[in-house]
Amino acid sequence: MAGSDIMLKDALDTYLAVRHAAGFALVDDEHRLRGFVRFASAQGDTVIVAATAIAWAGQGRSESQRSNRLKMVIRFARFAHATDGRHEIPPQGVYCARRQRPTPYLYTENEIQALMAQALHLGPPGTLRAQTYSTLIGLLAATGLRISEAISLHFQDISADGLVIRNTKFKKSRLVPLHSTTQAALERYLVERRRVATNDDHMFLSTQLGPLSLDAVYPTFHKLLSACGLPRQAGQPRPRLIDFRHTFASNALIACPHARDHIGSHMLALMTYLGHAVPSSTYWYLESSPRLMEDIVDVCERLFEEQTP
């Protein structure tokens with residue numbers, strides 16, 4: 001078991017190192033593929049086995065997730081097979097799904113505050129873990145950052161004008177201005193963070209004093225959701241970290257004084273702020289908020305009435 005784990009882990013480490021060197025971030029791929037290696041090693045596999053890959057991918061909650069998980073392994077398998085023919089390349093098309101965006105969960109202000117407060121109860125005592133997660137949740141909610149962008153922040157990325165987000169999802173950097181209250185909360189956290197004796201200059205650290213990883217963030221966040229009783233109503237979508245981003249974008253559009261009458265004039269600014277590569281990614285937030293959809297319907301009805309003789 002240990003030998004198979006080492007062999008597959010080494011193959012994955014090599015694959016990730018080459019892709020990183022080519023400029024790919026692969027944050028989600030790395031998280032998922034390390035889970036695949038653990039799964040395959042538990043089966044006793046010493047190389048990538050197509051049947052194991054299909055079984056692991058099949059654990060996804062939706063057809064789209066199952067398809068994406070298998071595609072990740074296929075890319076990894078092709079790379080590994082080039083140097084070791086024993087690695088099997090899983091077939092394509094086992095899981096086929098048209099990409100469908102999951103319904104976002106839009107957090108209320110009270111829910112965000114509850115999650116931040118619950119995070120302050122995290123242990124172990126004498127560590128910065130509680131403040132780290134409370135501040136991280138607050139930052140995601142206040143800025144709409146991607147989780148990968150937030151956990152990649154370094155001290156040097158903090159400026160008087162805001163946060164410098166480097167090498168983002170689309171290989172671009174951008175400046176994210178901060179509200180004065182967010183800036184003040186971040187500065188309070190940084191006072192405690194700078195007292196931690198470590199050479200690592202990431203803003204958010206793990207309990208091992210290294211960079212905070214998605215492998216640590218996701219299970220911790222799910223525990224916080226359970227402790228806060230979210231979601232509160234049956235039938236609601238499961239809250240995700242990315243939904244802080246959806247909530248931020250939807251609220252930004254709702255809060256703009258003229259946004260609902262002249263929504264196009266604000267889209268370019270929001271697109272730049274969020275780091276979107278194409279306008280369609282930003283326009284999708286119009287669909288994610290019932291409040292915005294109601295306003296769009298009202299405007300359409302008024303327009304129809306005005307043009308009806």
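**Figure 1. Pro-231 and the loop between helix 9 and helix 10.** Pro-231 sits in the loop that runs between helix 9 (214-228) and helix 10 (242-255) of this predicted model. Helices (H or I, at least four residues) and strands (E, at least two) are DSSP runs, numbered from the N terminus. The peptide bond joining Leu-230 and Pro-231 is cis, with omega about 0°. Residues are numbered from 1 along each chain as its sequence is written, side-chain values use heavy atoms, with hydrogens and water left out. Because the model is predicted, local features need pLDDT of at least 70 and side-chain atom pairs count only at pLDDT 80 or more, while totals for chains, interfaces and linings use all residues.

**Figure 2. Pro-124 and the loop between helix 5 and helix 6.** Pro-124 belongs to the loop between helix 5 (109-119) and helix 6. A cis peptide bond, with omega about 0°, joins Gly-123 and Pro-124. Most peptide bonds are trans.

**Figure 3. Leu-209 in the loop between helix 8 and helix 9.** Leu-209 is located in the loop between helix 8 and helix 9. Its phi is positive, about 65°, although Leu-209 is not a glycine. Most residues other than glycine have a negative phi. With 36% relative accessibility, Leu-209 counts as partly exposed (buried means under 20% relative accessible area, exposed over 50%, partly exposed in between, with a 1.4 Å probe and protein chains only).

**Figure 4. Packing of helix 6 against helix 8.** Helix 6 (residues 129-143) packs on helix 8 (residues 180-193) at an angle of about 160°, and the axes are 11 Å apart. Axes are lines fitted to C-alpha atoms, for helices over the stretch in contact, and angles run from 0 to 180 degrees between N-to-C directions. The crossing is left-handed, a term for a near helix turned anticlockwise from the far one by less than a right angle; clockwise is right-handed. Gln-131, Thr-132, Thr-135, Leu-139 and Ala-142 of helix 6 meet Thr-182, Leu-186 and Tyr-189 of helix 8, where contact means heavy atoms within 4.5 Å. By class, the residues of this contact are four nonpolar, four polar and no charged. Ala, Val, Leu, Ile, Met, Phe, Trp, Tyr, Cys and Pro count as nonpolar, Asp, Glu, Lys and Arg as charged, and the others, Gly among them, as polar.

**Figure 5. Gln-183 in helix 8.** Gln-183 is a residue of helix 8 and counts as buried at 18% relative accessibility. Not counting residues up to four places away in sequence, Gln-183 touches Ser-159 and Leu-178. Asp-161 is 22 residues from Gln-183 in sequence, and the C-alpha to C-alpha separation is 9.9 Å.

**Figure 6. Crossing of helix 3 and helix 4.** The axes of helix 3 (residues 50-57) and helix 4 (residues 63-83) come within 8 Å and cross at roughly 145°. This crossing is right-handed. Helix 3 contributes Ala-53, Ile-54, Trp-56 and Ala-57 to the contact, and helix 4 contributes Arg-66, Arg-69, Leu-70 and Val-73. Six of these residues are nonpolar, none is polar and two are charged.

**Figure 7. Asp-28 in helix 2.** Asp-28 lies in helix 2 (residues 27-42) and counts as partly exposed, at 33% relative accessibility. Asp-28 and Ser-148 are 120 residues apart along the chain, and their C-alpha atoms are separated by 8.5 Å.
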